[in-house]
Amino acid sequence: MYIFVTVKPHKLFARERSAIHCEVPVSIVTAALGGEVEVPTIDGKKAVVKVPAGTQSGQILKLRGKGMSIVRSSMRGDMFVHVNVETPVNLTDHQKELLREFDKDHKSHPKSEGF
């Protein structure tokens, strides 16, 4: 007898051995100033992730022990939160002007300095 098992991909989580990966949207304000974001876990609960000031899109934050259970062990893997900084849409004219004023200081763009 052969048994074939197919596992469907989850809409929020991706598994890599005992590690879990999850992409989380973060507002541009939280990414720039720092703060906290609630993220779902595989247990169905929420965990709080501290987002450091100056976080860039694509940065990975780690939650220890929030991943999959390790076989024959009481330990659990880690959860890796991939930050996706959201760009605001439908801005008012005043908000656009504030962003243009902010953009005049090119010292606030760390990745483009060496480009």
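Throughout these legends, contact means heavy atoms within 4.5 Å. The structure is a predicted model, in which local features need pLDDT of at least 70, side-chain atom pairs count only at pLDDT 80 or more, and totals for chains, interfaces and linings use all residues. Residues are numbered from 1 along each chain as its sequence is written, and side-chain values use heavy atoms, with hydrogens and water left out.

**View 1. Thr 41 in the loop between β3 and β4.** Thr 41 lies in the loop that links β3 (35–40) to β4 (46–51), where strands (E, at least two residues) and helices (H or I, at least four) are DSSP runs numbered from the N terminus. Once its neighbours within four places in sequence are set aside, Thr 41 is in contact with Phe 13, Lys 46, Ala 47, Lys 66 and Met 79. Thr 41 counts as buried because its relative accessibility is 6%, the classes being buried under 20% relative accessible area, exposed over 50% and partly exposed in between, with a 1.4 Å probe and protein chains only.

**View 2. Ala 53 in the loop between β4 and β5.** Ala 53 belongs to the loop between β4 and β5, and with a relative accessible area of 57% it is exposed. Not counting residues up to four places away in sequence, Ala 53 touches Ala 31, Ala 32, Leu 33 and Gly 34. For one of these, Leu 33, the C-alpha atom is separated from that of Ala 53 by 4.6 Å, although the two residues are 20 residues apart along the chain.

**View 3. The open sheet of four strands.** The strands follow the order β1-β2-β6-β5, and their pairing is mixed; two strands pair if DSSP finds at least two bridges between them. β1 (13–16) and β5 (60–63) stand at the edges with a single partner strand each, so one side of each is left without a neighbour in the sheet. Neighbouring strands of this sheet are turned by 30° against each other on average, direction ignored, the axes being lines fitted to C-alpha atoms, for helices over the stretch in contact, with angles from 0 to 180 degrees between N-to-C directions.

View 4. The hairpin of β1 and β2 has two residues between the strands, and in it Arg 17 takes a positive phi near 55°.

**View 5. The whole chain and its confidence.** The protein has two helices and six strands, which run β-β-α-β-β-β-β-α from the N terminus on. Its radius of gyration, taken over C-alpha atoms, is 19 Å, whereas a compact globule of 115 residues would have one near 13 Å, by the rule of 2.2 Å times the number of residues to the power 0.38. Along the principal axes, the C-alpha atoms fill a box of roughly 65 × 30 × 25 Å, and buried residues make up 22% of the 115 residues. The mean pLDDT, the predictor's confidence in each residue from 0 to 100, is 87 for the protein, with 90% of its residues reaching 70 or more.
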